[in-house]
Amino acid sequence: MRLAELSERSGVSTATIKYYLREGLLAPGRQVNATTAEYDESHLRRLRLVRALIQVGRIPVATAREVLRHVDDESLGRTIRLGAALWAMPQGPEPDEEDPAVVAARREVDALLRALGWETAHELATLSPVHRSLVVAVAALIRLGYPCDAQLMAPYAELMHQVARRDLDMLQTHAAEKEKVETAVAAAVLFEPVLRALHRLAQEEESARRYGLE
């Protein structure tokens, strides 16, 4: 397809597409002549991902470029490629290791991972921004006097493991490795709000079933 059709099908203006091309967020099309290039379905799929990152996720262009660099890195194995792309996305604040609440939170998170048998998550703890984000979140609860220990978190973690299995089952419906990683990154931006909303709706429903609507 030509640029105009790519714009029409993606809902992205030609000016914005040209900007994404200049910034390295979108691969160049196949050059037909000095002034014309052709694009295919992979460009359309990438534009959807870029829109998810920048327009919905409000991720800076430089960060989006780093995420996409890992998405496109075929030298990495599937797990590392997926992890690197997701780790490159914006994360929460770094934990203050001198904060007693952070020390207590890290102890509980480590105990949780050991109890669950999540060996990879435990081994990568010092590198993982996701692990650090969990420590920061648990530390905030501890600091404010809310109980949040390994025993409390374990049932929730087990439920999230079921969600993760469903996520990866869905990724397997895509043939190409790049499509799998692109879908996972898009889901991190677009589908996690769906999970949060479903959680709230489930709470409303369970509350009504237990206590009625009075």
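These are questions and answers about a predicted model of one protein chain.

Trainee: How many helices and strands does the chain have?
Mentor: The order of elements from the N terminus is α-α-β-β-α-α-α-α-α-α-α-α-α. The C-alpha atoms fill a box of roughly 65 × 45 × 30 Å along the principal axes. The secondary structure comes to 11 helices and 2 strands.

Trainee: What share of the residues in the chain is buried?
Mentor: A residue is buried when its relative accessible area is under 20%. The chain has 214 residues, and the buried part of them is 32%.

Trainee: Of the contacts with a separation of 6 or more, what percentage is between residues 24 or more positions apart?
Mentor: A contact means heavy atoms within 4.5 Å. Among contacts in the chain with a separation of 6 or more, those between residues 24 or more positions apart account for 62%.

Trainee: Is Lys180 buried or exposed?
Mentor: Lys180 is found in helix α10, residues 177-190. Its relative accessibility is 7%, and the limit for a buried residue is under 20%. Lys180 therefore counts as buried.

Trainee: Which backbone oxygen lies 2.6 Å from a polar atom of the Lys180 side chain?
Mentor: Beyond its neighbours within four places in sequence, Lys180 is in contact with Arg78, Leu171, Gln172, His174 and Ala175. The backbone oxygen of Ala175 lies 3.3 Å from a polar atom of the Lys180 side chain. The oxygen at 2.6 Å belongs to the backbone of His174.

Trainee: Why is the pair of Tyr19 and Tyr20 tilted?
Mentor: A search of the whole structure finds 1 aromatic pair. The ring centres of Tyr19 and Tyr20 are 6.0 Å apart. Planes under 30 degrees apart would be stacked and those over 60 edge-to-face. The pair is tilted because the planes of Tyr19 and Tyr20 are at 45°.

Trainee: What is the phi of Arg58?
Mentor: Arg58 sits in the loop between α3 (41-56) and α4 (61-71), and at 69% relative accessibility it counts as exposed. Most residues other than glycine have a negative phi. Arg58 has a positive value, near 55°.

Trainee: Which helices do the buried residues of α4 pack against?
Mentor: The residues buried in α4 are Val61, Ala64, Val67, Leu68, His70 and Val71. These buried residues pack against α2 (14-22), α3, α5 (78-87) and α10.

Trainee: How far apart in space are Val102 and Arg132, C-alpha to C-alpha?
Mentor: Val102 is in helix α6, residues 100-116, and is buried with a relative accessible area of 2%. Leaving aside neighbours within four places in sequence, Val102 has contacts with Pro95, Asp96, Glu97, Val135, Ala139 and Arg143. Val102 and Arg132 are 30 residues apart in sequence, and their C-alpha distance is 9.8 Å.

Trainee: How many nonpolar, polar and charged residues are in the lining of the second largest pocket?
Mentor: This pocket has a volume of about 160 Å³. Its lining consists of Arg2, Leu3, Lys18, Leu21, Gln31, Ala34, Thr35, Thr36, Ala37 and Tyr39. The lining divides into 5 nonpolar, 3 polar and 2 charged.

Conventions
Residues numbered from 1 in each chain as written. Predicted model: local features only at pLDDT ≥ 70, side-chain atom pairs only at ≥ 80, totals over all residues. Heavy atoms only, no water. 1 Å grid on protein atoms, 1.4 Å probe; cavity = no way out; pocket = protein on both sides within 12 Å on 5 of 7 lines; lining within 4 Å. Points joined across faces, edges and corners; volume = space filled by probe spheres on them. Nonpolar A, V, L, I, M, F, W, Y, C, P; charged D, E, K, R; others polar. Helix = DSSP H or I, 4+ residues; strand = E, 2+ residues; numbered from the N terminus. Buried < 20%, exposed > 50% of the residue type's maximum accessible area, 1.4 Å probe, protein only. Polar contact = N/O pair within 3.5 Å; in protein donor to acceptor, adjacent residues only side chain to side chain. Phe/Tyr/Trp six-rings, centres within 6.5 Å; stacked < 30°, edge-to-face > 60°.
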